[in-house]
Every structure is written in structure tokens, then in C-alpha cells.
Amino acid sequence: MVVAEIKPFKEIKDTLKHYKKVLIVGCGACVTVCLSGGRKQVELLASALKTSRKVEGDEIMVGEMLIPRQCEPKFVDMIKGEAGKYEVILSMGCGAGVQEIAERIENIPVLPALNTTFIGMADEKGQYLEVCAACGDCILSKTGGICPVARCAKSLINGPCGGSRGGMCEVSKDNPCVWQLIYDRLVKLNMLHLLKGISQPKTRSVHPRRMVREDLTSKK
Amino acid sequence: MSISAMPPCQAACPIHTDVRGYVGAIARGDIEEAIRIIRQVNPFPSVCGRICTRACESACRRGQVDEPIAIASLKRFAADRTKGLKQVLRTGPYYTEKVAIVGGGPSGLTAAHDLTLLGYKVTVFEAHHELGGMMTRGVPEYRLPKSVVKEDIDLILSMGVEAKTGMALGRDITIDELLKDYQAVFLALGSERSVFPKCKGVELPGVITAVEFLKQVSHGQRPYLGKSIVVVGGGHTAIDAARTCIRLGSPDVTLIYRRTVNEMSAGKVEVEEAESEGVKFRYLTAPIEFLGRGKVEKVRCVEMRFVADGSRRRRLVPMENSEFEIKADAVILAIGYNPKTDDIKEIELISGKKGTIVVKDEMGTTNIKGVFAGGDVVSGPMSVIDAIASGKKAADAIHRYLRNLPPREIEEPTVLRPLDEKIVNLIVKTVRQKMPTLPIKERIKSFDEVNLGYSPEQAVTCAQRCLNCGSGASVSEDCVACFNCVMVCPYGVAAPGEEKAHIDISQCQACGICAAECPASAIDVKLETKEASRKKLKDVIKSAKEEAPEDFTIEFYCQYEESEGHPKEKKRAKYSVGKPCMARVDVYQLIHPFEEGSKGVEINKCEHHHECRFKGCDEWIRKHIESAQKILGEIGIDADRLKLITEKKK
């Protein structure tokens, strides 16, 4: 899932300072799961904004909405009517959500309430970990299902740097050395021979990337 | 398991009383709501609160943890404490059809009550001069004061039920006559004819029946039967007779019963009470002959023993050479009752072997059109709640008969499963409140009621022990399967399902932590729904703003707090929001009052109990406060305006 974190409240407040009518739009997908932009967070942020304005002796009209997936144009279209009543939309979706809204609702500015951080997974202990860099050239088949591009501080794809101590990374000592993890897992799988292969340097993707659905786009 | 599954207490009750509902109301201090819930189905709360056989308590899942909730005693509390309450029962307009009820006991009067509410004019014909049946004639006053029965009956009569006493079926009226004036007849004649043991000497003077004896006493007579009394039987009536003898001054009262205390239909508590008053019990003992010259003097008994006979039931046989004699100035027989239906033999009602009326179905339809029967006269002697249940069924059946409605479809309720062992181990143990009683010295000299009833503090403490079975969490379609609930559930009940989280309603303890933590707001807890919770807060804030604009503080307090001091509302500041445990107060509820202009928010965490009722709630309360304080800081509000109050306020 896409992991995102809510921005510092002050930043959100500052971006909204010239507005008096804001519609907060949550997203029912990834950011609900990572507790950043679901229904509950929308309700809480709305209350915090109203309170904060009150403290400043001012007021603000805050609308609350949630759409199942902000990166889906058809869902975004459904809120067009309601959005028309506001001066600004505060999206609690990931970067894709913010942009989808901006794309579909042209006459109202859209601001992000979240910082989209990474593609990650939950670890059951309340942490979300970055595990995929969306490099576009997956090598997980060679690394025991553990990605060195996303999880090595140096994104090394052909073995460790040599700075690992006690299985931990020299750059960030709280993180395990991902090459140690890859090694341990391949030992368990009895597939250490995979490490003898060399991964070729990755071609850096040219942004923006796109994936084309040929069934819908091909000419008749 | 469906979220509408019935708690075991309610399922076990013959009339499916919403036990959880009224116990919960008492726990909140709302006695009027409690009696309202009880009266929805039961016109005899004062009676059932005292002498019910309490199938609910045997089924209570609190019993898996420690001891069941004292459900009957709480019902009594609700009834006793709302005596002055004006209870308006809807009556009229009436249908043109009238209903005659024969028998003014619990079954007949319940039918009268329900039929009146359904819109029928009802007349009750009672053979005796007093209504109440066995409630007034069979149960001694120290267990069920007549005045108490009268309260329940008076309320029924106040609804417009007409009672004609001294009118016996077969003697003063006939079914044919009744059918001329009434469009339906309900026969609830009861079952008051004693069964006699097949022993020699049963005809000797001094051998009497418990029913006759108790009836005399209930009429105010105080017969002294002698020094040594032997009571034969193991039911409530036997024990009632024995304890009555003690009160009438007999110093040597022995109750003999052919089985053991475990098989007695009277509960162990009653046996203990009788023992403490001086009644001696001889189990596995049966009379074989009553001896005496001109009057009974001795009972010859034999000891019994159980032998396995291959089937699951053990057979009871006399032990060889075990005969012995007990001195007896009088013998009271209480071994069973049959209906007394001799006077209506000529009527073409199909009757059973022991004088019972045979009915065609559960609704009490007889072979005569328009005539229904129920209560003990159909079933043989049962408990008062069974009689009430049969009265209710009859009322419904008569209504359907008169209105040409299809018979009610009887559906067996789905019942919550027992608690899993792992959940049982996580529930904080508590102690059942002991019923205050009259000192033994005073008891044995009078017919004053032995059980004095719970004090308000005791009742609330007792009610708060209820596990609110089945009022836990349910997951809506909004679930995004983040499984946050699975991580936070302190009982390990929330589990990942195929498409969304799954919370087993039969095991959920309704702590509300998952609901407070669900990012999709997809979890709701029946005990206090999100809607109810938000409304409560909104209402409190509204009144605060009206009464003290710019100068109010909102306080959340735990409803399980200070269970020994009730009602809380009077002790509290004005703007308080009670919560069934504070862990369900989410961050939004802590921030929102500030939005509405509150000067501060206080979390009054319960300090009374040694341990919080719900596992792990302490930690979640702290976390919610910390998160809220962080937000307040960012908003520019002094975080100290949100306070956790933990010290005792005494």
C-alpha cells in the first residue's frame, strides 16, 4: 500500500489561512489502512481546524467527505457538486489522490494534508515499512523476496557494502542490513547460489511513467 | 454468530425478559427504565423478583467467571424502588369481544393483563375470595408478603380488569354460560390438590397436606401442630411448610426427602436458609408408614440409594434393613399436586390422567372452540414464571383467535455461545452481593419477610457486574481490512476475516477500544453506539453552552466508577458525560468540546475498583489523552486544559 503521514498541523493551518470554506476529503483506501486519511482522521482534522480558528478569534466552515479511492476519477466526479460549495479542497489522500482531484475539479484549488512517503507494508507491531521503490525493474526473484533497492540505505543490488555491524545497517543503526536479511533467507531456502548472479545496473526511469491498457486504448 | 443473538439469560427466561436491558439500566442508575423494560413482558415483577426459579441466573455467563448476576434480586429492587411511580398502561379503545378468564393466579392474571393491553375487556373468575392463586395461598409471607403480590395485582386491576371472586367453575358458573357472554374463555385453574404417598396410616389424624396447612396460615391462622414435625417432600412447598412450622413454635422440624439436595427443586439457598433457622434435613429417606394410636405419633422411614440401571438416569431403591422411626406429632405432606378438576368432569374437555386439561398445541387450544387452557392445570405444578409464560401465550392465542390472525410462528432464538476459556480468564473477577436478611432470631419468631432487598449501592454494584453479553462490536461494510482492531483488541476476539475484520459477538466484551481505534469508523459497539455517544456529548455541550456560555468544562466519567455511591448525577458537576469505560472516548471526543468553547476537558478515570473493568483500558485512555494533548498543543491550546483526574474525590 501507499503509506502517507499527516502533515504537521501548523503547515496545514498555514496553507489554509486565506480560506474560510474548506472541504476535507478522506480516502477509503491505503491511507485509511495506515491511519492517516480515513473517516476518523477527517473528523479529527475538521475539529482541530475549527478549534484552531476559534482560538484565533476567527471561524471556518469545514465540510467532511470520504471517497472510497481518490485515485479513481469516477469517485472524484461524484463529489464535484458538493465541492462547489467550498473555496478549497484539503485532500487526505496520497499524492495520486490530490492530483486526481486537481485533474477532475478544475476550478477549486486542492491542497494536500498528507505527505506521501513510500510503498510499504505493515509489520503487525504498529509499523509501516518501506519495502518497494517502484523502480520498474523488479529483482525480487534474485533476492529471496526482499528488495535491496528500497531497503538498503545505499540501494546496492549486488551484495552488502561492508559497513554492516551485527546485522545492522551502518547508515541507520536501527535498521537491519537488508543484505544480511537476504543472505539469511536464501540460506533457509537453500538458494544461496542466487547470490552468484550479477544484477545489471538499472536504467533510471524517465518520469512520468505510464502503463497503457491496450485493450482500451488501441485504435479500431 | 449473528449480532442479534440472544444473551443466554434472556433465552433461558420463559418469557424472554430483556435481562441485559434492565440490568444495564440499573447499572446506569436508571431504575424507571429498568422497571419499564421488565413490565414490557412481566406483570409480576415484585413477585418474580422474590420467588422466581431464575433459569436466567443458571444461564448467566458471569457464572463462568465467578458467580451469576443476582438477576431476580435486581428485578425486585427495580419493582420495590418504583412503587410510587405512576405507571401508565395503555388501555382502550376496546374491541367488542370480551374474554373470560377462570382462575386468578399468575397465569390467569397475566393473560388478563396482556389481553387488556391488546384491547379486550376481560373478566377474571376466581373460586377463592382472594386473587393470586398459589402466590398468596401457597407461598408463606416471609418469602413473599401478600402486600407485595397485591401491588402487582392492583396494577393489573387498575388497567380495568374486572375480577369476580368466589366464583368457581362447575359450582357457580359453567363453560357454556361463559361462552354465551364471552367470546373466548381461558382456563387457568391451577393445580392445588395434594398427592398422597402410598403409605399405611396416611389417613391418621395429624397427617396433613402442605397446601392445606399453608392456606390456613395465609388466612391468618396460626396452628401449632406439636413439638416434632416431619415434612415429606423436596420442593419449595416442603421447605415453606417446614420453615412455617419453626415460626409457629415447633422446635423439632425434620424434612425428609427421598433423593439428595442436588435433586431438590427448591434451591440450595433455600435449604441453607431453612437449615439456619433450625430445620433438619434427612436426604435419601422415604416414609413407608405413618404410625400412631388415634393420631400420628411416628413415621417409619427407609433409607434409599441410587443404583445404576444402565440408562443415564439412576434408579432409586430402598436399602435393605435400613428402616427406622422418627417421632412426629404431625406429618406434613408436600410431595406433589394435581389439578382439581373434578367439578368440571362433565364438560367435554379432554382431560389427562392426573386431572390436567389436555391442550392441542403450545398455545393452549382445547377441543372446545373458543376455550383455551394454560398454567398448572395443563402442565401440572410449575413455577410462577412458567405460569406467567403460559398466560402470555394464551393471551396471544386468544387475540389471534378472535381477530382471525394466523398462529404465531414460534422461532427458537439463536443464543450466544458460552464464553471461551481464554476470555473467561481475562475477565476481572468480582463478588456477588449478598442479600441482606433478617437476623435468624427475629426470623423464626415472625412471618416478616426474610430477604430485605438490595440497597441502591448494592444493586448498582451488582448490576455493573453484568458482562453485557452480546452488546459488543460489529463491523460494517466500511471496513477496509486494516486489521487495526485485531491488533488492539485486549481479548483477542477481533480476527481477520476473508474480506473484512470479524468480531465474534458471543465473545466480545464491549470494551469499545476497537471502535475508538478503527480508522474507517467501521466498528460500532451496541453497548453505546457511535451515534448515541456523539449525541450524548452534543446534548451535554448544548446545555452547557446555554447555561454557562464561555465558562464550562466538559467531564467524562466512567459509569463503572464509585459503584457504591449512586446516583452519580447529583454528585457531579453539571456538564458530565458518563461512559461505560473511558477507553471508548476517542481523540475526537476529547478535542471536540474545545471546538465548542469548553474551557477544559476532564477525564475522570474510575478509581474505585482495584482494577479497571476492561483489560488494557488504562493504557488506551492514556494514549488517547496524549494524542489529544499533542493536537491541542499544535492548535495553540494549553495541553493542560485536558486533564486526567485520578485522585479520589473524597
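Predicted model: local features only at pLDDT ≥ 70, side-chain atom pairs only at ≥ 80, totals over all residues.
Two residues are taken to be in contact if their C-beta atoms, placed from the backbone, lie within 7 Å. Across the boundary between the chains, 21 residues of chain A are in contact with 19 residues of chain B. Three elements of chain A give two or more residues to the side that touches chain B: helix H1 (9-15), helix H2 (30-33) and helix H3 (39-55). H3(A) gives the most, with twelve residues. By type, the side of chain A that touches chain B divides into six nonpolar, eight polar and seven charged residues.

Chain A was examined next. Its secondary structure comprises nine helices and seven strands. The radius of gyration of chain A is 22 Å, whereas a compact globule of 220 residues would have a value near 17 Å. Along the principal axes, the C-alpha atoms of chain A fill a box of roughly 65 × 55 × 25 Å. Of the 220 residues of chain A, 34% count as buried. Among contacts in chain A with a separation of 6 or more, 55% come from residues 24 or more positions apart. The domain assignment gives chain A a domain 1 (2-117) and a domain 2 (135-196). The C-alpha centres of these two domains of chain A lie 38 Å apart.

A cis peptide bond runs from His207(A) to Pro208(A), with omega near -10 degrees. Pro208(A) is found in the loop between helix H8 (178-189) and helix H9 (214-217) of chain A. Most residues other than glycine have a negative phi, and most peptide bonds are trans.

For chain B, the domain assignment gives five entries: domain 1 (8-87 + 441-463), domain 2 (98-193 + 338-403), domain 3 (196-335), domain 4 (473-528) and domain 5 (530-645). Domain 2 and domain 3 of chain B have C-alpha centres 30 Å apart. Eight residues of domain 2 of chain B are in contact with ten residues of domain 3 of chain B. On the domain 2 side of this boundary in chain B, three residues are nonpolar, two are polar and three are charged.

The largest nonpolar core holds 104 residues. Within this core, Ile24(A), Cys514(B), Ala583(B) and Cys617(B) touch the most other members. Helix H24 (residues 617-635) of chain B gives the most to the core, with eight residues. Another core, of 90 residues, lies apart from the largest one; its members include Ile38(B), Leu74(B), Met135(B) and Ala395(B). Beyond its neighbours within four places in sequence, Cys617(B) is in contact with Cys511(B), Ile513(B), Cys581(B), Met582(B), Ala583(B) and Cys612(B).

Helix H8 (residues 106-118) of chain B was considered separately. H8(B) has 13 residues. From first C-alpha to last, H8(B) reaches 18 Å, close to the 18 Å expected at 1.5 Å a residue. Eleven of the 13 residues of H8(B) are buried, so the helix is largely enclosed by the rest of the structure. Among the buried residues are Pro106(B), Gly108(B), His113(B), Asp114(B) and Thr116(B). Gly119(B) follows H8(B) and has a positive phi, near 110 degrees.

Local features were also found in two loops of chain B. Cys479(B) lies in the loop between strand S17 (473-475) and helix H20 (484-488) of chain B. Cys479(B) is buried because 20 other C-beta atoms lie within 10 Å, and 20 or more is the cut-off for a buried residue. Not counting residues up to four places away in sequence, Cys479(B) touches Lys500(B), Ala501(B), Ala520(B) and Ala522(B). Cys479(B) and Ala501(B) are 22 residues apart in sequence and 7.0 Å apart in space, C-alpha to C-alpha.

Ala481(B) also lies in the loop between S17 and H20 of chain B. Phi of Ala481(B) is positive, near 55 degrees, in a residue other than glycine. Ala481(B) is partly exposed, with 17 other C-beta atoms within 10 Å. Ser521(B) lies in the loop between helix H21 (513-517) and strand S20 (523-525) of chain B. Ser521(B), a residue other than glycine, has a positive phi near 50 degrees. With 21 other C-beta atoms within 10 Å, Ser521(B) is buried.

Definitions and conventions. Residues numbered from 1 in each chain as written. Chains lettered and ligands numbered in written order. Core = buried A, V, L, I, M, F, W, Y, C linked by C-beta atoms within 7 Å. Buried ≥ 20, exposed ≤ 12 C-beta atoms within 10 Å, placed from the backbone. Helix = DSSP H or I, 4+ residues; strand = E, 2+ residues; numbered from the N terminus. Nonpolar A, V, L, I, M, F, W, Y, C, P; charged D, E, K, R; others polar. Expected span 1.5 Å × (residues − 1). Domains from an automatic or database assignment. Rg over C-alpha atoms; globule rule 2.2 N^0.38 Å.
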